[in-house]
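Hello,

Here is the structure I promised to pass on. My notes follow below it.

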Amino acid sequence: NTTQISVNNLLKYIHMDQYKDVKENLLAEIDELIPFNIWDSKHNLINQDKLLEACDYEKVYESFDYTMMCFKESMRLEAPIGFSTAHTVTQDVVLAKGTKKELKVNAGQEIHIMMSSLHHDPAQWGARHNEFIPERFDPDSEHFKAPNGKSRHPYAYAPFFGGHRVCLGKTFAEVVAKKLITTILKFYTLEHANESMKTETHEYEIFQMKLPEIHYKFSKRIV
C-alpha cells in the first residue's frame, strides 16, 4: 500500500530529533484546523461529530496545505514505487544528444523511469536532497526552486508519474493520506520506541517487497 508506506515514512521523519520544527509546524496546522480536543481529562473520546465535520472530504481536500507538503516530501525522499511500469518506445530516439550521457533507444525497446533517482537529482533538489524539507513544495519558500534559481523540471517529482499515464488514484490517495496523518497526530503523541531511530533513519527498500517495521510509544494527546 503506497499511501501506508509514505505516511509511515512521514511519521518516521518528523519524530527524528533533527526535524522537531517540522513536527511542530505540522501539529500547529492540525490544531488550527481541528481546534478542539479528542479526549477529555479522563481520556474518554469526545467531539466525534465535530471531528467528522472537520475531516469532511471536501474540507480536507481544500486545506491542510502543510500536511500535504510533508506527505509529498515523504514520497520524494522514499518513493513508495521506485520505478515505473515499462514504456515501449515507438520510434528511434536519442536522449541527452550531444552530451556525455547521450543514449540511443531503438523502437520496440522498453524503458523504466526510476522515480527514486529523479527525486534525488542534486541538479533539481540540491546537495541536501537526502534531508526532509517539506518547504520544497511551498511556492513562497527559498527551497521551492532548483539550486540554479530556476523552476524544477516538471518531472523532477513524479511518485504518481504524470500526463496521460498519471496514477488514477492520485487525488484520492493524497486526501486519504491527509486524513490519516491528521487523525493519528490529533489523537496521539508519538515517540520512537527505538532510540536510534531518533537520530538515524532506515530507508524502506522497495525490493524487499514488505512494509517497514517502525515501532512507536503512543499516548493520548490532550492539548
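The largest nonpolar core has 43 residues, and L10, L26 and F132 touch the most other members. Such a core is a set of buried Ala, Val, Leu, Ile, Met, Phe, Trp, Tyr and Cys residues joined through side-chain atoms within 4.5 Å. Buried means under 20% relative accessible area, exposed over 50%, partly exposed in between (1.4 Å probe, protein chains only). Two or more core residues come from each of α1 (2-14), α2 (20-33), α3 (48-54), α5 (65-77) and α8 (170-187). The top contributor is α5, with seven residues. Helices are DSSP runs (H or I, at least four residues), numbered from the N terminus.

This is a predicted model: local features need pLDDT of at least 70, side-chain atom pairs count only at pLDDT 80 or more, and totals for chains, interfaces and linings use all residues. Residues are numbered from 1 along each chain as its sequence is written, and side-chain values use heavy atoms, without hydrogens and water.

L26 is in contact (heavy atoms within 4.5 Å) with L10, I14, Y66, T67, C70, I181 and L185, leaving aside neighbours within four places in sequence.

Now E73, in helix α5. E73 counts as buried because its relative accessible area is 0%. Beyond four places in sequence, E73 is in contact with E131, F132, I133, P134, R136 and F137. The side chains of E73 and R136 are joined by a polar contact of 2.8 Å. That term means a pair of N or O atoms within 3.5 Å; within protein, one must be able to donate a hydrogen and the other to accept it, and residues adjacent in sequence count only if both atoms are side-chain atoms.

Finally, Y61 sits in helix α4. Y61 counts as partly exposed because its relative accessibility is 46%.

Best wishes
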